[in-house]
Amino acid sequence: MDEIRFSVCPENKSSSGYNMSPLKSLSPINIKSFRESEIFHDVLIRVINDNSVQDVSVELYVNHDDQTASETSSITGTPLEQPEEESFFVHRLVLSAASDLIFEKLMEEKHEGFKREIVIRGVDPRIFERILDFVYGLSPGPNSVQEAIDLIPVTYQLKLDGIRQYLFQYLQLNISNQNMWGVWNCAEKFMCPDTQDICERKMKTKPLDTLQSVYWFSSDPKVVLNALKVDYLQKPVDEVVFYEAALIWRDAQIKKAKKWLYLDNKKVALSDVFAQIIACIRFPQMDASFLSEVVEKNEAVMNTTGVQELIFEAYRFQACGKKKITSVRCYPRKRF
């Protein structure tokens, strides 16, 4: 998981055959001063943190006269309800190179000589300002894991793929037991298989530490399913640990009064989600006494769809051994 970065600066040969090193005498240009200048910019971006917007929306306005797009695009709501808004002066060349979505929007109007204004709704202006720092190469990196997690959704929605990839690389290098579930949730939502694989490997290395983290309670259902399906652990772990983790996660959702959750972009009842989660528990690996004295006496668990069949599978396997292997649940998570 270590990372080494190289910077290569090739030499150029002049027509006379002499080597010419790249110019080093010029002072670095403070591009930030150009970004914030009203003189050099050719696009104005208004970022509106409108909570009524479900997804980020991008609108392009092109002015054919002196009227500003701010005057032609209205925001609904009373003065007390006005959403947070901020404007940024940017350059379409720089922004188009970073964002496929904004490039597509700007390509819709190819006429030259007109003022362009882009309105982005559903984004916190402070988040967008940090993203502009990355677009213009003014940021050495995220300030924290949480900041990277906060920035990634907007980079995904605005198709800032290069920045999103960079932020995920930062997360991969800074995963810990405390933040792993937040990182895993982010990687699952915004499609980064490499980060998901690293989280799964960490789960295999230290399942006890990760499952006992307080952040486990807020994990997305898809991440919970992937975590409880984990196999080939580096060390044997009592299956009771996974069973109790499933119950703790369910109880946390009940305390939050969550009756419906989203799984694979579908609204699913908590009871149905828990039925899928409990099916990941390998009851055949538990002692018969624990099954009879603890599991079977938990009415909420036993009333879950499919649990009675799972308990029967466990007893049958313990009675007949390898002759009655019916699923992956009959194998231990650490295989030799």
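Is Arg46 buried or exposed, and at what relative accessibility? Arg46 counts as buried, at 3% relative accessibility. The notes below start from the whole chain and return to this residue. The model is predicted.

1. **Overall make-up.** The protein chain holds 16 helices and eight strands. Of its 336 residues, 43% are buried. Take the contacts with a separation of 6 or more: residues 24 or more positions apart account for 72% of them.

2. **Arg46.** This arginine sits in strand E3, residues 43-49. Its relative accessibility is 3%, so Arg46 counts as buried, the cut-off being under 20%. The side chain of Arg46 has a partner: it makes a polar contact with the side chain of Glu117, at 3.4 Å.

3. **Arg164.** A polar atom of its side chain lies 3.0 Å from the backbone oxygen of Phe190. Beyond its neighbours within four places in sequence, Arg164 is in contact with Ile152, Thr155, Tyr156, Phe190 and Met191.

4. **Positive phi at Met191.** One of those contacts of Arg164 is Met191. Met191 has a phi near 55°, a positive value in a residue other than glycine. Most residues other than glycine have a negative phi. Met191 is in the loop between helix H8 (180-189) and helix H9 (193-205).

5. **Positive phi at Lys159.** Lys159 also deserves a look in a backbone check. Its phi is near 60°, again positive in a residue other than glycine. Lys159 falls in the loop between helix H6 (145-157) and helix H7 (161-173). With a relative accessible area of 34%, Lys159 is partly exposed.

6. **Burial of H11.** How many of the residues of H11 are buried? Six of its eight residues are, and the helix is mostly covered. The buried ones are Pro221, Val223, Val224, Leu225, Ala227 and Leu228. They pack against H8, H9, H12, H13 and strand E7 (260-263).

7. **H11 against H13.** Two packed helices are described by the angle between their axes and the distance between the axes. For H11 (residues 221-228) and H13 (residues 270-278), the angle is about 15° and the axes are 9 Å apart. That makes H11 roughly parallel to H13, because angles under 35 degrees count as roughly parallel. The crossing of H11 and H13 is right-handed. On the H11 side, the contact uses Pro221, Val224, Leu225 and Leu228. On the H13 side, it uses Val273, Gln276 and Ile277. By class, these residues are six nonpolar, one polar and no charged.

8. **H11 against H12.** Which way does H11 run relative to H12, roughly parallel or roughly antiparallel? The axes of H11 and H12 (residues 239-255) come within 11 Å and cross at roughly 170°. That makes the pair roughly antiparallel, because the cut-off for that class is over 145 degrees. Pro221, Val224, Ala227 and Leu228 in H11 meet Phe242, Ala246 and Trp249 in H12. The contact has seven nonpolar residues, no polar and no charged.

9. An α-helix has 3.6 residues a turn, so residues three or four places apart point the same way.

10. **Leu261 in strand E7.** Leu261 lies in strand E7. Leu261 is buried, at a relative accessible area of 7%. Not counting residues up to four places away in sequence, Leu261 touches Pro221, Trp249, Gln253, Lys266, Lys267, Val268, Leu270 and Val273. Leu261 and Asp220 are 41 residues apart in sequence, yet 8.6 Å apart in space, C-alpha to C-alpha.

11. **Lys206.** Lys206 is found in the loop between H9 and helix H10 (207-211). Lys206 is partly exposed, with a relative accessible area of 40%. Along the chain, Lys206 and Val237 are 31 residues apart, and their C-alpha atoms are separated by 9.7 Å.

Terms used. Residues are numbered from 1 along each chain as its sequence is written. This is a predicted model: local features need pLDDT of at least 70, side-chain atom pairs count only at pLDDT 80 or more; totals for chains, interfaces and linings use all residues. Side-chain values use heavy atoms; hydrogens and water are left out. Axes are lines fitted to C-alpha atoms, for helices over the stretch in contact, and angles run from 0 to 180 degrees between N-to-C directions. Helices (H or I, at least four residues) and strands (E, at least two) are DSSP runs, numbered from the N terminus. Angles under 35 degrees count as roughly parallel, over 145 as roughly antiparallel, 65 to 115 as roughly perpendicular and the rest as oblique. A crossing is left-handed if the near helix is turned anticlockwise from the far one by less than a right angle, and right-handed if clockwise. Contact means heavy atoms within 4.5 Å. Ala, Val, Leu, Ile, Met, Phe, Trp, Tyr, Cys and Pro count as nonpolar, Asp, Glu, Lys and Arg as charged, and the others, Gly among them, as polar. Buried means under 20% relative accessible area, exposed over 50%, partly exposed in between (1.4 Å probe, protein chains only). A polar contact is a pair of N or O atoms within 3.5 Å; within protein, one must be able to donate a hydrogen and the other to accept it, and residues adjacent in sequence count only if both atoms are side-chain atoms.
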